[in-house]
4 protein chains.
Amino acid sequence: MLIIMGLESPREDINKVKEKIIEFSCTPHEIPGSSKLAIGITGATHLLKEEDFQMMHSVQEVVRVSKKFKLVSRQMKSNDTIIDFGGPTVGGKELFIIAGPCSVENREQTFEIAGQLKEMGINFFRAGAYKPRSSPYTFQGLKEKGLEILDEVKQKFGLKIVTEVMNSQSLQSVCEVADIIQIGARNMQNYSLLEEIGATQKPVLLKRGMSATVEDLLLSAEYIAAQSNYNIILCERGIRTFETSTRNTLDLNAVPVIKQWSHLPVIVDPSHGVGIWDKVPQMSLAAIACGADGLMIEVHNDPENALSDGYQSLTPKKFKELLNKLNELAPIVNKEMKLYENANSL
Amino acid sequence: MLIIMGLESPREDINKVKEKIIEFSCTPHEIPGSSKLAIGITGATHLLKEEDFQMMHSVQEVVRVSKKFKLVSRQMKSNDTIIDFGGPTVGGKELFIIAGPCSVENREQTFEIAGQLKEMGINFFRAGAYKPRSSPYTFQGLKEKGLEILDEVKQKFGLKIVTEVMNSQSLQSVCEVADIIQIGARNMQNYSLLEEIGATQKPVLLKRGMSATVEDLLLSAEYIAAQSNYNIILCERGIRTFETSTRNTLDLNAVPVIKQWSHLPVIVDPSHGVGIWDKVPQMSLAAIACGADGLMIEVHNDPENALSDGYQSLTPKKFKELLNKLNELAPIVNKEMKLYENANSL
Amino acid sequence: MLIIMGLESPREDINKVKEKIIEFSCTPHEIPGSSKLAIGITGATHLLKEEDFQMMHSVQEVVRVSKKFKLVSRQMKSNDTIIDFGGPTVGGKELFIIAGPCSVENREQTFEIAGQLKEMGINFFRAGAYKPRSSPYTFQGLKEKGLEILDEVKQKFGLKIVTEVMNSQSLQSVCEVADIIQIGARNMQNYSLLEEIGATQKPVLLKRGMSATVEDLLLSAEYIAAQSNYNIILCERGIRTFETSTRNTLDLNAVPVIKQWSHLPVIVDPSHGVGIWDKVPQMSLAAIACGADGLMIEVHNDPENALSDGYQSLTPKKFKELLNKLNELAPIVNKEMKLYENANSL
Amino acid sequence: MLIIMGLESPREDINKVKEKIIEFSCTPHEIPGSSKLAIGITGATHLLKEEDFQMMHSVQEVVRVSKKFKLVSRQMKSNDTIIDFGGPTVGGKELFIIAGPCSVENREQTFEIAGQLKEMGINFFRAGAYKPRSSPYTFQGLKEKGLEILDEVKQKFGLKIVTEVMNSQSLQSVCEVADIIQIGARNMQNYSLLEEIGATQKPVLLKRGMSATVEDLLLSAEYIAAQSNYNIILCERGIRTFETSTRNTLDLNAVPVIKQWSHLPVIVDPSHGVGIWDKVPQMSLAAIACGADGLMIEVHNDPENALSDGYQSLTPKKFKELLNKLNELAPIVNKEMKLYENANSL
């Protein structure tokens, strides 16, 4: 349930509404919008009656939210959530690009790629320090050592860091380095971890599980939002189907569906979504064309010798060509490639 | 196996190669390319040896085709197949658009939509006279009467007709009206029908089955090509997955995969692929952005009262807006919207 | 809609009900049950009102059928349909077994296998004369020649023949030889063929399409039943999923679902369902354990040299071991292995 | 890689082999079998050469393991792993049954069900204290309070407890109460948790993820085994497909595949696998018929008012009927229902 109040409502009126909600053992969530203030309510909302609130001061409307997810739903907040990283943003007009290698392999490789991306104007650098791998015998990431290298990248190149957290134990150290904490597809329904990350208030990149429906994804986002953390970026990265010609089936239908159901930003990871580097540029363009707010793309200076996922990584040269195409495409879908502003050369 | 010869090879040399192939109880297929002449070979090719052909006059190269599909593979013919409809083409630079209602419902509705599409410059009109439906109790199309109406549309508006054939019995009458014969998803593996249609030499629009892999689709195309009919347009229209927020999961990954594996044109049907009209424009743009040669889109003047699939049909107004967007997008992916040339107004 | 009348209702009363139905442009279908006579109604039944029939002579009850399929639904007919083949039956207490090679390869192989199966007491012999194959270049069956061999098997061994029909052209000649006409997975939604086969009144074995839901399967059966042919055996044979360790995913859940939703017999094809011979016995037992009425199993005397699907065929020796196990299992699920009666030796 | 030695090999010889493995920075794992001692090797085994070990004392054979999973593979250990719970066992001849409600709801309900199951001779009681739920707003379990109730059940009824762990934080307290720690489908690829649980050496029940392949499942088991914990019970519980008539698609094919690929015991959860109580008995029988070592079944005294998953729970009465059927079925697949020994009455 959702209580709509004027943005200028006196604090006293707002507090009375919140107290009433708490009386019913439910939880109020203030969600300021551009023209209204919404008080989201979660908990046993079936006990509440519209009439209990309709006559209260400053209350304009009382709305039942029909979806299972509440705080992340478009009904709760009609305008798009824009997350601001002190300049670059995601969810608004700006096309949001994250790039980098699958894993931090060593300082030299990481610096080399980071340097090239910085020159192209990229602001967000991805690289895994902790790598969840199907087999315990494949490269699992440099772990703490990887985080240290990412911290150096942050200092030296001024890039913002996107990296995955796999468990509570390392959450604190990942938080110290990461500007955006990534939750991988395999952990999308690790609800304990979602709650802990929600509590940190850090921006979160939540990847869709490989057999998660769009509703499942939004319910997982709801776990984070329920900790009052609304800085959530959703990421479509391909689902499992019978098709074997590609690593996963990139479900771009999900982009307009999420945009309709939720106010959260949504980006696409075509590298995992198709799994073969030579089809990544086409799928990147498709993702933006159907309304995604951005992309997360694997870029590696030496894909053939990458320790993980080399076959799906673009070289910096191919990536630069893709950026040029994206720059042409952006205005057609009312987006803008701001990264050019801080590019040294392109 | 594939015998590559110079384009200027004397007919005598070509015939000798073909005779040798026939000696081994295999079948030769002449496939003229832009710079070379290829002789495709189908049948028990494992009996053939490269050496049998390498020393023959005018033979430049002998190639084993590694895919299960042969004639439709990119190895057989490296340049794109362009099908020419006496002006409009598919498979080349031109963006190819088919539009129209799901079914022919009556003359009035059909003429109304056809007229509006004609004014927008559309050349290809789709509408089903025979409708394969899961339930025997839902509207199955006007059948022969529907074909008659389509014939009138053809005469009156000069539109080319794309319509589905469901069985051998009606193949002859469909061929008389249709410029492109559509094979629906449910008949993609109706091999008897594929062979009969192949034999007509008519252009064919082959829709991917809802659980067909890309390889399955190309093998079905091979059934048609094996009848020496290369006028095949492939169509991605969504596959079945666990996701329930959309009617099907549009597998756009398939577009660059098909483009790499085959020389045939490929288009996308976002209306079935997503199943909800308000997401059709986004998915149309995505399809073209990832390299599709064209689109097939359901347009209805009164979607709410359509006899079939109304909820996935665009109104002419929405469709026109989409065409404008596509016109902006086309040059970015090296395509061109030629339909504007014969538009009365846009 | 369904009109329930007493079994002893005078013909005059029955005819009046049927005439009333026809007045509304709907179609009546007489479905005699064990204790009642039901008149099924198909067509635009929303135009009918319960009151129109409730007061008519001999009418006991008027029931709305909630499923999309009508004639094949359990609501239409509460007792199990038992199809009688002049002795052996399917759908009742008797365990129904069809066995034989994937294809008729030649007379010698076919006779050899048929002879061995006959000795084990098997009544129903399967073998394909027409083989739908994904690739046009793999063995497509002996066609007319194959049917001749099957006819000889029928005469010589007294076996009943189960063989697939692929198109209208060969329907007549298949009907002359086959005791049960098989419709393959790829043709499950070839509605034209379903209607033609329905009209022959021959017993039909309808295999589930590889991405068909249970509802789709029952709707396809409805196409046959709507031609007044109720001799339909449904067959689960595996669906397409992401799992690659088996050829298909055998969906045994479908067995109790079908049993609940429909009165038709249902059997399982574990050979296609798992695709590897060494797991066929286990899945056969599982199929019967969850309530299937029978099995269709591929048996080949020389699996390694079979022209199609050899890797999923049991040898006669392994098949005999399986029959012994099935004989032990049958009474636990209220079934009976009658085939032992006409076995020469086991 | 795997070094096969005689069971009676002198400790000195064994140690020398292990030291040599460690020299190459790999890890040795002693796996005693019934007739041989195997030393499994994990790590960068491509650096090892067969010749390095073949000439060592007591070494009988050196084997490359072809699967990605090693320690859990049948190649590593050819005889079935039997886990002994001080009387009852799983993986051998004995049919292993776990039963109980989805969740601990309160002491009364839990005691009521536990008492009835105890009377039927059941040894293993399941009930969730921590419930991973798609929505943050549905019942999440009684948590610590639930564990306390389970501990009382253990003391009062002498039942062994099977309950799920969701995170590291509660692992210690779950371990204190649980005899078998359950890892739910959503956590199957939570590798950090798998490693922590592996280290506890507690028996583990590992449920297949809803889009995990059999290989994925065995690789997750490998994470546990790599911590030298071989007390792993695998559990098939249904996968996600397009079918909507059942909650999941129970993939019974997986049972014989796992039995062939791995030495670990495998059980089936038909309650989640089909999702509707009235089809649970059939699927239970099917699971045992195809070779599963046991079952985990939801039983509730008042399914209609259960706080979670009531629609898939059997009543104690229906469950007792199922046990009787299983008792009849067991000998056919060389199993035995030992639970009858400690049943008070049945």
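Here are some friendly notes on the predicted model above, point by point.

1. **Ground rules.** This is a predicted model in which local features need pLDDT of at least 70 and side-chain atom pairs count only at pLDDT 80 or more, while totals for chains, interfaces and linings use all residues. Residues are numbered from 1 along each chain as its sequence is written, and chains are lettered from A and ligands numbered from 1 in the order in which they are written.

2. **Confidence.** Chain A has an average pLDDT of 93, with 98% of its residues at 70 or above; pLDDT is the predictor's confidence in each residue, on a scale from 0 to 100. For the complex, the predictor reports an ipTM of 0.91 and a pTM of 0.91.

3. **Domains of chain A.** Residues 2-63 make up domain 1 and residues 83-342 make up domain 2, with bounds that come from an automatic or database domain assignment. Taken over C-alpha atoms, the two domain centres lie 35 Å apart.

4. **Chains C and D.** Each side gives 31 residues to the contact between chain D and chain C; residues count as in contact if their C-beta atoms, placed from the backbone, lie within 7 Å. On the chain D side, α7 (214-225), α8 (254-261), α10 (280-289) and α11 (316-329) each supply at least two residues. The largest share, five residues, comes from α10(D). Helices here are DSSP runs of H or I with at least four residues, and strands are runs of E with at least two, numbered from the N terminus.

5. **The sheet in chain B.** Four strands, in the order β2-β3-β1-β4, form an open antiparallel sheet. Its edges are β2 (27-32) and β4 (59-63), each pairing on one side only; pairing requires at least two DSSP bridges between strands. Six bridges join β2(B) to β3(B), residues 36-42, and E30(B) stands opposite I39(B) in β3(B).

Notes
Two residues are in contact if their C-beta atoms, placed from the backbone, lie within 7 Å.
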